[in-house]
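Please open the model in your viewer and keep the selection tool at hand. The stops below say what to select next and what is to be found there.

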Amino acid sequence: MAKQYRSVSGTVFDVSNYLFLGIVGLVSVLPFIYVIAGSFASDTELTKRAVFLIPEEFTVSAYRYIFSTDTILKSIWNSLYITVVGTVVNLLFTVTIAYSLSKRGLMGRNTVLNLIVFSMLFGGGLIPTYLVVRELHMLDTYWALIIPGAISAFNLIIVKNFFQELPQELEEAAKIDGCTELGLLWKIVLPLSMPVLATFTLFYAVGHWNNFFSALLYINDPSKWPLQVMLRQIVLLSQVAAGDAQTVDYNYVKEAEQSIKMAVIVVGTIPILLVYPFLQKHFAKGVLIGSVKG
Amino acid sequence: MKQAAAPNELNTEQTIRAVTGRRQSVLGRFRKDKWLYLLMAPGLLYFIIFKYVPMWGILLAFKNYQPFLGFWRSEWVGFEHFRVFFGNPEFFMLLRNTLLLSFYNLIFYFPTPIILALLLNEIRLSFYKRTIQTLIYVPHFISLVIVASLTYVFLTTQGGIVNELLQQHTGSKIDFLASPDWFRPMIIMQTIWKESGFGTIIFLAALAGVDVEQYEAAIMDGASRWRQTWHITLPSIRSTIVILLILRMGDVLDNGFEQIYLLLNPLNREVAEVFDTYVYMMGITQGAFSYSTAVGLFKAVVGVILVLGANWLAKRFGQSGIY
């Protein structure tokens with residue numbers, strides 16, 4: 001009797017656990033599905049009934065609006081540019097310093113490592129950093145979104161540790177064959193580090209695409225705003241294409257506001273959802289490398 | 001990690017000396033590794049310019065910075081800015097808001113990844129488990145602007161789905177976005193939605209390391225699933241929980257600027273303004289550079305004390321600590 005009771009309660013637990021986690025999984029992505037559906041709905045439908053997953057009359061007018069205004073298109077371009085150039089800079093800066101710091105015998109290595117660890121603990125803070133960027137005349141340039149964040153100390157240490165774990169014999173053999181230090185990095189170390197580099201490429205790229213704070217801080221010129229800042233203007237501050245007031249029919253914008261907001265959210269999310277499958281393949285490992293050795 | 005590296009380095013150095021019978025000169029070692037130093041240069045320069053020069057800029061907190069006088073010629077005022085800050089009634093508002101948000105995060109957000117990981121761990125169907133994991137990781141990669149935008153689209157009184165439902169069922173709407181009562185719950189729910197799925201990774205990894213034989217033995221002894229969880233699973237991830245908890249302690253004054261700033265408005269400012277947003281507002285939008293540097297310095301110093309204290313605690317708990 002007791003045994004049967006236990007198995008019944010076990011089954012009840014299993015069924016409810018499967019159901020519960022299924023709901024949790026759905027809740028994680030349902031907002032996107034809803035917003036995607038909403039972005040294809042007409043605004044009349046959105047005001048008529050807010051709850052649906054398939055729009056009754058399918059329309060792409062919100063997207064047509066987005067891609068007809070220069071302001072939003074320009075911000076998408078800005079984000080793409082910053083993401084691509086920024087990620088290249090990140091990798092270049094991170095890999096070069098990580099590689100030299102991975103050499104155990106290097107004179108001064110410990111001093112530099114200590115400097116880096118200390119900079120993770122304590123920083124000058126927002127205003128002094130802002131003033132440095134200003135003094136370097138980077139305000140209102142794309143560089144302000146790229147250079148001040150060129151290296152994440154945390155990522156650097158993980159990459160350094162990874163390089164350090166590579167078999168020493170390989171490097172020695174290559175050196176005996178006359179390989180230079182640069183050749184060693186390019187031909188031996190980098191190819192062997194592809195998994196970890198792929199992880200950080202994606203992490204850095206996602207960071208650039210999602211970055212809002214730096215742009216808020218350093219970019220005043222709306223034509224240089226990345227999409228995240230534009231998104232905030234449109235959705236949260238409801239300043240729909242203020243710069244375009246003369247060129248577009250403002251009444252139309254007012255009418256379609258809710259669906260345009262949803263469409264902009266979708267546009268801001270799509271790149272992430274596109275790289276997510278690649279990201280997902282790598283990050284579990286990458287995150288664990290970080291937590292174990294970081 | 002540093003402790004582990006140091007002995008090795010000593011050995012290399014000793015080996016070199018033992019083999020060559022002499023210590024290489026500083027210049028010789030520098031010349032030998034010139035390519036490495038060249039590779040190191042850009043990164044090192046980065047840390048000096050963007051991390052160490054700003055540290056030196058902290059001196060601004062003790063000056064009265066005037067843009068037309070510049071950094072050097074602005075007059076020293078000692079602790080004047082700190083005195084003004086601690087005497088300001090806003091100080092207590094900021095402290096209260098900052099601490100309350102951290103506290104609620106600890107109570108409501110911290111346990112969720114643990115519970116989710118435990119529940120996921122009970123799933124035997126590996127396909128189902130992987131699917132759920134894939135889905136719950138997604139929000140972590142979405143920007144906070146998108147999260148705030150989703151919050152807005154769902155909660156706005158102008159056609160937001162939540163308010164439309166409220167209207168249908170209760171006949172009235174709630175202006176979540178402008179209400180001081182709803183600010184903290186919104187922030188906590190955002191964090192739970194965005195991060196608790198991703199937070200399971202580390203606990204699932206810890207759970208994967210649990211010895212299967214322990215469960216087999218427990219089943220032989222007639223332990224129920226609940227008993228197995230209580231006596232085997234939980235104790236085996238206890239050290240992970242403790243270290244993450246302690247790490248969070250170090251971040252008590254960091255509420256995350258973007259998330260708060262995006263939901264902050266004049267109507268909920270009384271509960272929403274925290275140290276981070278205050279530094280931004282006073283410094284960047286109002287140009288009080290010296291004053292906000294002082295506020296930032298206060299925050300940074302308390303932060304360092306908390307991190308080091310947390311690390312000390314971690315070591316007391318028999319963990320390896322972070323530094």
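Select Asp33(B) to begin: this residue is buried, with a relative accessible area of 10%, where buried means under 20% relative accessible area, exposed over 50%, and partly exposed in between, calculated with a 1.4 Å probe on protein chains only. A salt bridge here is a side-chain nitrogen of Lys or Arg within 4 Å of a carboxyl oxygen of Asp or Glu.

Before moving on, note that this is a predicted model, in which local features need pLDDT of at least 70 and side-chain atom pairs count only at pLDDT 80 or more, while totals for chains, interfaces and linings use all residues. Residues are numbered from 1 along each chain as its sequence is written, chains are lettered from A and ligands numbered from 1 in the order in which they are written, and side-chain values use heavy atoms, with hydrogens and water left out.

Select Glu195(B) and Lys194(B), whose closest N and O atoms are 3.3 Å apart in a salt bridge; Glu195(B) is partly exposed at 22% relative accessible area, whereas Lys194(B) counts as buried at 9%.

Next select Asp254(B) and Lys299(B), a salt bridge with its closest N and O atoms 2.7 Å apart. This pair links distant parts of the chain, 45 residues apart: Asp254(B) sits in the loop between helix 13 (225-249) and helix 14 (257-263) of chain B, and Lys299(B) in helix 17 (residues 289-316) of chain B. Helices are DSSP runs of H or I with at least four residues, numbered from the N terminus. Asp254(B) counts as partly exposed at 41% relative accessibility, and Lys299(B) as buried at 13%.

**Where the chains meet**

Now show both chains: 90 residues of chain B are in contact with 98 residues of chain A, contact meaning heavy atoms within 4.5 Å. Between them the two chains bury about 8400 Å², 76% of it on carbon and sulfur atoms; buried area is the accessible area (1.4 Å probe) that two parts lose on being put together, summed over both. On the chain B side, select Leu39(B), Phe50(B) and Phe141(B), which lose the most area to chain A, together 9% of what that side buries.

How many salt bridges does the rule find across the interface of chain B and chain A? It finds 1, and selecting Asp14(A) and Arg225(B) shows two side chains that meet in a salt bridge at 2.7 Å, N to O. Highlight helix 3 (residues 34-56) of chain B, which supplies 17 residues, the largest share of the side of chain B that touches chain A.

**The nonpolar core**

Select Ile116(A), Phe163(A) and Phe85(B), which touch the most other members among the 159 residues of the largest nonpolar core. Such a core is a set of buried Ala, Val, Leu, Ile, Met, Phe, Trp, Tyr and Cys residues joined through side-chain atoms within 4.5 Å. Around Ile116(A), leaving aside residues up to four places away in sequence, the residues touched are Ile97(A), Leu101(A), Ala153(A), Leu156(A), Ile157(A) and Phe47(B). A second, separate core of 9 residues includes Ile58(B), Ala61(B), Ala294(B) and Val304(B).

Among the buried residues are Phe275(B), Tyr278(B) and Met282(B). Just after helix 16, Gly287(B) takes a positive phi of about 75 degrees.

Then move to Ile192(B) in helix 11 (residues 180-208) of chain B, a partly exposed residue with a relative accessible area of 24%. Not counting residues up to four places away in sequence, Ile192(B) touches Phe108(B), Tyr109(B) and Thr112(B).

**A loop in chain A**

Finish with His137(A), in the loop between helix 6 (126-135) and helix 7 (143-146) of chain A. His137(A) has a phi near 55 degrees, a positive value in a residue other than glycine, and is exposed at 69% relative accessible area.

Key:
Helix = DSSP H or I, 4+ residues; strand = E, 2+ residues; numbered from the N terminus.
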